Every structure is written in C-alpha cells, then in structure tokens.
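Could you give me a quick tour of this protein?

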Amino acid sequence: YGVVPDDGIDDSAALQAALNAGVRKIIQLPEGEINVVNTTITIPGDLEFSGTGRTTTEINMTGPLSKFLITGNRVIIRDMFLHATDYTSLHGIYVNDDVHYWEIDNCWIKGFGKNTNWGSPGAGIYISDSCYIGSISNCLIDTCFIGVYGYGSSLNALSLYNLRTNVNIQDGIYFEAPSSHGIVLSGCFAE
C-alpha cells in the first residue's frame, strides 16, 4: 500500500488504504519511522494493527488533526511508538463513541495534547462516551496533557494493566464519566 519507513515522506494515505483493506485481518507495520501529517487515521473494526515493538515501529504524528481514531468494534493496537513530534496533535488514540471490545497493548505514547487546556483536554488515549469492554496494558504514556482520559455518560468494563503514565502536564489517568462501573486498575503507576 506504499507505507515506506524512514523516507521522511507522509505515509498517511498509504496507511489509511492498508487499514481500509484490512477488515478481519492483521495489519503489520515494519520497523522504522512512519509519518502521519495532519491526518486522522480511521481504524475500522475487526482488525489487529501491529508494529514490531514500541521502540522499533515509530509513528511520527504532526499537526492538530493527527490521531488514530478507533471507529469499529474488536480492534487491537499493539507494539508501536506514537509520537507527537511537534506537540500539536490533540490525541494519540481516540476510542470513538460506542466502541466495544478494543485493546491497546505494548505501546509508547508521547507528546499528545501538550498545548491544550481543560476546555478541550488532549490525551495520549482518549476514551469517549459509552465505550466498554476495553483494555490498556503494558503501555507507557508520557509528556501528554493527560495520559488516559475517559469522558462521557458511562465507561464500563475497562481494564488498565501495567500502565505507566509519566511526566504528563495534568493527570496520568482521569475518568469523568458519572455512570461508570467495572473499571479495574492493576499494576499501574501514575507519576
């Protein structure tokens, strides 16, 4: 699909084409730096989206629109480094309203929402309204406005395991959802 790491060229269109063609499949990114420039990358359902490791597959995101937007159920994102290189991207991963059965594993997420405020808070991972049965595990989220932010009327059956949030401007983990239940935190560290 034309995703070429380490060439310094915008890979947004090629990355989106690969994801659109990958329904019910695994999309495996190679080692190296992949560039997303001012583009929201939509991740449809029934898909595993993987790199080779959180220190070997680096997604450099620039511009305020750059983020991964999970729009479908049964999505796994794993083994990659999401880096807001110019600190203008609002969110690293945005879990859209009513998305279920999602997982973010072994990712390093850095620099998102740094130039925001409480009026429109940015986050490394933003979990939107009525999302449930999701997990974040073995992740490092640092230098963001908020590490993990959950917002809406209800967030249910969420698990955070071995999550480390470090040097974030406001909170490491912040849930603002009054009707939530079944949120489990185990082995997490918020600095």
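Here's a short briefing, grouped by topic.

This is a predicted model, where local features need pLDDT of at least 70, side-chain atom pairs count only at pLDDT 80 or more, and totals for chains, interfaces and linings use all residues. Residues are numbered from 1 along each chain as its sequence is written, and side-chain values use heavy atoms, leaving out hydrogens and water.

**Inside**
- The largest nonpolar core has 41 residues, and Phe49, Phe68 and Ile136 have the most contacts inside it.
- Strand S7 (residues 75-84) gives the most to this core, with five residues.
- A core here is a set of buried Ala, Val, Leu, Ile, Met, Phe, Trp, Tyr and Cys residues joined through side-chain atoms within 4.5 Å.
- Buried means under 20% relative accessible area, exposed over 50%, and partly exposed in between (1.4 Å probe, protein chains only).
- A second, separate core of seven residues includes Tyr94, Ala123, Ile146 and Tyr149.

**Strands**
- Strands are DSSP runs of E, at least two residues long, numbered from the N terminus.
- Strand S13 (residues 146-151) is mostly covered, with five of its six residues buried.
- S13 runs parallel to strand S10 (residues 123-127), joined by four bridges; Ile125 stands opposite Val148 in S13.
- Four bridges also join S13 to strand S16 (residues 173-176), again running parallel, and Gly150 has Phe175 in S16 as its bridge partner.
- Two strands pair if DSSP finds at least two bridges between them.

**Surface**
- Tyr101 sits in strand S9 (residues 100-110) and is partly exposed, with a relative accessible area of 43%.
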